[in-house]
Structure formats: C-alpha cells, structure tokens
Amino acid sequence: MNRFVIADPDKCIGCHTCEVACVVAHAGNNMFLQEESGADFYPRLTVVETGEVTAPVQCRHCEDAPCANVCPNGSITNKDDSIFINQDSCIGCKTCMLVCPYGAITMVPAHKGGQKQLQSGLRSNTAGSWSRKERIVANKCDLCEGSGNGPECVRVCPTNALQFTVPSQIEDSISRKRLASAQSLLQFGGFPHL
Amino acid sequence: MSYKDPIIHIDEQLCTGCRRCAAVCPVDAIIGEPGHPQTIDAHRCVVCGQCVQICTAYAADNESTTALRAVKLQERGQLPNVREPLFAAYSSGDIQKVKAVLADPKRFKVVQCAPAIRVSLAEEFGLPFGTLTPGKMAAALRRLKFDRIYDTNFAADVTIMEEGSELIGRVMSGERLPMFTSCCPAWVKHAETVAPELLEHLSSCKSPMQMAGALFKTYGAELDGIAPSDIFSVAVMPCTCKKFECSREEMSVNGCREVDVVITTRELASLIKDQGIDFIHLPDEPFDSPLGKYSGAGSIFGVTGGVMEAAIRTGYELITHEQIPNLQLDFVRGEEGIRTAEVQIGELELKVAVVAGLKYVDAVLAKVAEGTCPYHFIEVMACPEGCVSGGGQPKLLLETQRKIAYQARKSAVYRHDSHQKVRKSHENPDIIKLYKDFLGEPLGHTSHHLLHTKFVDRSLKEEMS
C-alpha cells in the first residue's frame, strides 16, 4: 500500500507553516536568498480555508492513481510505495492535473540549480518581443523523498494536525478495529438456533 | 515613520487567525478570535516583533497577485527587489528613506550597527547561522556610501561607564534599588505602560543606540567639522522597537534627532542586494575611529546577560581597583527565563538577576512594588535570548531552525568578545579619550545632558485624561 500524508481538520489552525516548510524542503536554498529570475515558491500542499474548515490538501498517493493512468508518456510511476512524477520527462500536458480528484497537482516552471529551465523550441511573444518560453511541469507531494527525514510538513506542524500514514499503521488500525468488532460480538453470545 | 506609526502590523487580508503570534506575544497585545484576522493593541504592544518572526501565513509571488504585491511592498516600506512571500505580520520599513538620502551627496551620512547585526547579517546571503562578519559589514556600508562607519558597540562601552557608575552610586547610597537596565526599548515601553510608579528604578541611561546618536551629532560633528544639522544618522538594529525608540520626543540633542532612521538587519540586507554589492566576497574593512572602536564588553550586549557581564567586568575593577579574576562570567549566560547570581565584589555581595523574555518580568515588577525584591541590579531583555533573537533579525521560517540559529548567533557573539584585545569597557582607549577630551567624567554635566533621559508614564489612565 502507498504511504501518504493526511490532515486532521479539527487540529489545523491554518497557519501555513506546512506550506513554508514544504518550500524550504524542496527549494534546496533559503527562500529569502532567491534571485529575481529564480523565484521558486511552489508548495506541494495547499492550505484550504473556508468558513467551515481549515486543512492542508495534498496528494493521496492513490493506489489506482488516476494521474498515472492518464499520463500519455509514462512520466508518473509507482516508486517506493508512492506516486512519483518524473519532471524531467513531463511534457506539461495537464492531463494529470485535470483528473486528480483532490486537486493535488499544480503546474510550475521547471527549475534546475536555482534557474528556471527554458524550452529549446517554443518561443513566446510578449508585448511584441520574442523570448524563449519556460518549461512547465506537473508538481505534487513527493513525501520529501530526498530528505531522508520523512515529510517535512508533518515535522513542523505546530498542532500535529498532519499524519504520515504508512502501511503497517493502517494494518494495525484495521486489526484493532477487527478485535473491537469481535469483542462486541460477545454481548450477543450463543445464538442457539442459528 | 511618525511617532504614531504602530510599526508592527498584521495584514488582515493575509492573516488566517492561527494565533501563533498571540502565543509568542509577551504582553498579550494580539487580539482576535481563532480563524479570523488578528489585530494589535498598540497601547500594550512593545514592538518587539516576535509576532513578525513567527508568522508563516503569506501571499506567494504569483502572477495573479503581482500588482497587489508591488502595492503592498510600497506600503510596507520595503524595496521592490524583495522576492520572498509577503507574510501577514510585518514591521514598517524605512529603507526607501535611507536609500534616497544615500543618493544625496550633500548630506553627511553616519551609520551605526548594533552588536547583534554582525552575527546574523550573513545569513541573508546564504552563509551558515552565526557567521561572524564585522569586516564585511563595514565594507558593505562603505560601498553604500556612508561617510562614517561607526558602531553601537562603542556606545555600549559608554553605557557601561555611565550605567556602571550609576549602579555603584545607588548601591553605595542604598537608593532606588534594584536598578534595572534601560537598553531594551521594548522593556522600557512595557515598564512605562504597566509600572509607571517604578520608573525611578530604571537606569537613567539612554540606550547605546541613542548615546551613539547623541555623540555623533556633538563629539563626532566636532571631530569632522560638520554642522550637526547636516548629519544624517542611521542605525542598523536587530530590533523593531528601536524604530519606536528613535522617534521618542526626548531623544534629541540640541534640537537634532539623535538617530534619524532605524533599519533592521533584514532591511540592510535588502539594500545591499538592491545595490548589487557582492557581500560574500567583500574584503574585511575596519570601522572608523574613534566612534567605531569597541571592547569585547561592548560586543556582548547582543545576547541576554551581556549587559550584566560587561557591567560586572568594569564594576568589579572600579570598586576593588583589582583585576577581575575571570572575564568569562558563565553564571549570567543563558537563555529564556530568569537567572540570578551573587557576585562578591570586594566587601560587597552584589545580587543580580537577568531576565530574558518580557513575560518573565511581571513577577519581578510585583516584587519590586511590594518592596521584597532582593536584587541590586536587574538586566531585562524583551526577546527570548536577547537581541540575537530580535524581531528585525533574519526571519527563521521553522521552529526547528530557531534553537539552532539562536545558539549559533550567540556563540558568535561570545567568540567575537573572546578575540578582542581589549575586553573591558573602561580599558577601551577611545573611551578613555572620549572622557578626557569631551565628556569629563561619568555622570558629569555633559554626560547628563547627552546620555541620560527621563521616562514617560504610558499607563492607560494617563492617556485618557
């Protein structure tokens, strides 16, 4: 089973620390040091606020991942119990973004070494002058795979509203539920004529 | 910035009402319901900026808000080159004003830097926490076209001379004890607000920043042969409340503002970037003499316990006329909370306390009010670990970084002290010269006129009457 991070809306206070932590974990450098050309502030989870609820939403790493099923060039794969987007081969077609039922995928300019990547062929006409167009790729939660510390959003949340769920935890939870269910049968004991 | 500007603001369009700012506010000045934008009670607010440090609710830089962003940056007094997200809690900036004056060749521009700037400025350029860069900082300020690169640390040494003498006088006469330090403007504002009846317990010394400002426009002006009114005096501070302090009515000398503008560490960094200065590769350059030469004692004002340690180094020797056996006074070094110690100085057993974090001071004030406070001398700093953790310092995005950063900045402060040849304020040759040539003696007539002040009752009943 794939691992995923999920939020408890009752605990979330809407402080956006998880988003900031996500940027810090992925930007590779401090966001206060960005050069004008390389502004790179793309959190991979989004705090949603309405009158009724506050909670961050991010990729659920679906087992039958709709995004992977529709990706036309195989850039979305299952890797180490997670759904992974290969941004190097992503063509920015947005199909994954359209089918994601959680709205967890966004399109962002591709960066390498703090620099925005540009397309080799496509030119863009802005205000009468031609320039090369930046490369746009799909972006979503990768469970902070590179950090080795697990998801940063979970570590920094001041109210512990985020939980990193791994398969063994779910299995434990399921077996606890089965046990409780079995024990509840006791009160109905000895159905003599069934 | 006007006196009426509350300096600390919460942008109601961006605030999510998470109330973590309310949790760090030492004076309960942040008001509001969870989930709704918060407001600040300007009367209670001590302008320490800890809310600015903790806030993570932001508007990111994306196309749909670009126009709005430019407007907000202008409103906040920041330079347009700032690329970071706009956070809900922020402090009014004054960097546009400084940039304009720096471009004016007719003004004589003088700058001073607080002790805690040289241990944190480098973080804004990607160097590790606690990188010590006094030389690069001086070089950067020179590239920015300041005419004199002076230092608040020099005035910290002056503060020790004045405040130390004041303490000795009060202990000898047994009057107005305990004596509180008056360097931290957030603490002073808090005392004026909640305990106006105890203000005589505060040292009458101005803060080092204001002393420096007063000396620039008198002694400094004389040395350079410049009219005081032509001097534009800028202070770079780790503290947002210093903006409030410099605008206090009484902080003027012979009709001139002592400090014309205060900018924070972060504002200085943004100006250095704006001017395209390659900070990391700058050579180390010296501060200008004499108002930029300091002792190790002056440089430890940036951490909690620093003023106390510097005062004891000098006080011990002034009272006993003997060398202090150990310069590193570990019993006053520490972090958030209250630390107390008894120091044997000759026949006197000096009882001292160090308060770090303004929320701890109210218990002390209550004891003073009922006459049961046992200490002679109490240092108070509003921020958790002193100025290294001030509201104008490079912002720490995550709680996990906070402890590491404060520790690194603090050890850099102590490292700087331990590498100084002169480590006691009264042994700083330029301090000796200042008193010989200009001030006369500590607490003398000139000192009294330039370096000491009075405090104001800011309790609500006064305001309403």
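# Briefing: chains A and B, interface and local features

Between chain B and chain A about 1,900 Å² is buried, and carbon and sulfur atoms give 66% of that area; buried area is the accessible area (1.4 Å probe) that two parts lose on being put together, summed over both. This is a predicted model, in which local features need pLDDT of at least 70 and side-chain atom pairs count only at pLDDT 80 or more, while totals for chains, interfaces and linings use all residues. Residues are numbered from 1 along each chain as its sequence is written, chains are lettered from A and ligands numbered from 1 in the order in which they are written, and side-chain values use heavy atoms, with hydrogens and water left out.

**Interface of chain B and chain A**

- Chain B brings 22 residues to the contact and chain A brings 22 residues, where contact means heavy atoms within 4.5 Å.
- B:Tyr58, B:Arg83 and B:Leu398 supply 31% of the area that chain B buries against chain A, more than any other three residues.
- Six residue pairs, both at pLDDT 80 or more, are in polar contact between the chains; a polar contact is a pair of N or O atoms within 3.5 Å, and within protein one must be able to donate a hydrogen and the other to accept it, with residues adjacent in sequence counted only if both atoms are side-chain atoms.
- Zero salt bridges are found across this interface (a side-chain nitrogen of Lys or Arg within 4 Å of a carboxyl oxygen of Asp or Glu).

**Two loop residues of chain B**

- B:Glu124 lies in the loop between β7 and α5 (134-143) of chain B; helices (H or I, at least four residues) and strands (E, at least two) are DSSP runs, numbered from the N terminus.
- B:Glu124 is buried at 6% relative accessibility; buried means under 20% relative accessible area, exposed over 50%, and partly exposed in between (1.4 Å probe, protein chains only).
- Beyond its neighbours within four places in sequence, B:Glu124 is in contact with A:Leu33 of the other chain, and with B:Arg266, B:Ala269, B:Lys273, B:Pro394 and B:Lys395.
- B:Leu396 lies in the loop between β16 (377-381) and α14 (399-418) of chain B and is buried, with a relative accessible area of 1%.
- Residues up to four places away in sequence aside, B:Leu396 touches several residues, including B:Gln53, B:Phe129 and B:Tyr406.
- The C-alpha atoms of B:Leu396 and B:Ile54 are 7.6 Å apart, although the two are 342 residues apart in sequence.

**Strand pairing**

- In chain B, an open sheet of four strands has the order β8-β7-β10-β13 with parallel pairing; two strands pair if DSSP finds at least two bridges between them.
- Its edge strands, each pairing on one side only, are β8 (148-149) and β13 (261-264).
- Strands β7 (residues 108-113) and β10 (residues 231-237) of chain B run parallel and are joined by six bridges, and B:Cys113 has B:Val236 as its bridge partner.
- In chain A, β9 (residues 118-126) and β10 (residues 129-134) run antiparallel and are joined by five bridges.
- These two strands of chain A form a hairpin with two residues between them, and A:Ala127 in the turn has a positive phi of about 50°.

**Cysteines**

- Zero disulfides are found over all chains, a disulfide being a pair of cysteine sulfur atoms within 2.5 Å.
- A:Cys22 is in no disulfide, and the nearest cysteine sulfur, that of A:Cys144, is 6.0 Å away.
- The sulfur of A:Cys67 is 6.2 Å from the closest cysteine sulfur, in A:Cys59, which is too far for a bond.
- A:Cys22 is buried at 8% relative accessible area, and A:Cys67 is buried at 8%.
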